[in-house]
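Please walk me through the labels used for this model. I want each one set against its cut-off.

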Amino acid sequence: MDHCCGLTMVARLQNVFTEGSVLMQDVPILFCPTCHHSVIAPEIELDYQIYAHHCATDGIRSASLPDAIGDERILQILDKYPEDIRVATGQRVVQEQIDMTLDLMNFAKQIDDQDWYQELVERLRMFRELSNVTRQ
Ligand SMILES: [Zn+2]
């Protein structure tokens, strides 16, 4: 779940509008620098939901997640999913991802898994498009 596009996702803090219209500050979000998919860090998702619900019930419009769950847990998540080379260099796709996808395509072909193979072909196509965008 913490993988996307063949690599581990990267954590960063973001302010999030909850379903109950509470502005929740400093929520750890796992983010994929390649396809920009993002999810609330699974480690704190339940706490986030419960706290967001309490704030909405109490009519609070803005709250800080670290106040509720402690800085320690937030820092643990940031440590667990550090910035990678994609964030550091602004590249959407790195060679490692392309190499790994080609390896998996070979494997999928060997075991004759057509669906998986097609999925990987699509992924590679997306990688190529994204690397072209970066170069322009
Ligand atoms: Zn991705």
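The questions below take up the metal site, then the cysteines, then the core.

This is a predicted model, where local features need pLDDT of at least 70, side-chain atom pairs count only at pLDDT 80 or more, and totals for chains, interfaces and linings use all residues. Residues are numbered from 1 along each chain as its sequence is written, and side-chain values use heavy atoms, with hydrogens and water left out.

Q: Which atoms coordinate the zinc ion?
A: Cys4 (SG), Cys5 (SG), Cys32 (SG) and Cys35 (SG), at 2.3 to 2.4 Å. Donors are N, O and S atoms within 2.8 Å of the metal (3.2 Å for Na, K and Ca); water is not among the atoms, so sites may look incomplete. The donor residues follow the spacing C-C-x26-C-x2-C.

Q: What makes the arrangement around the zinc ion tetrahedral?
A: Four donors need all angles between 85 and 135 degrees. Here the angles run from 102 to 120°, so the arrangement is tetrahedral.

Q: Why is Cys32 called buried?
A: Buried means under 20% relative accessible area, exposed over 50%, partly exposed in between (1.4 Å probe, protein chains only). Cys32 has 1%, so it is buried. Cys5, with 9%, is buried too. Cys35 has 30%, so it counts as partly exposed.

Q: What makes a set of residues a nonpolar core?
A: Its members are buried Ala, Val, Leu, Ile, Met, Phe, Trp, Tyr and Cys residues joined through side-chain atoms within 4.5 Å. The largest such core has 32 residues. Met24, Val27, Ile44, Tyr48 and Leu65 have the most contacts inside it.

Note on methods. Four donors count as tetrahedral if all angles lie between 85 and 135 degrees; four count as square planar and six as octahedral if opposite donors are over 155 degrees apart and all others between 65 and 115; anything else is irregular.
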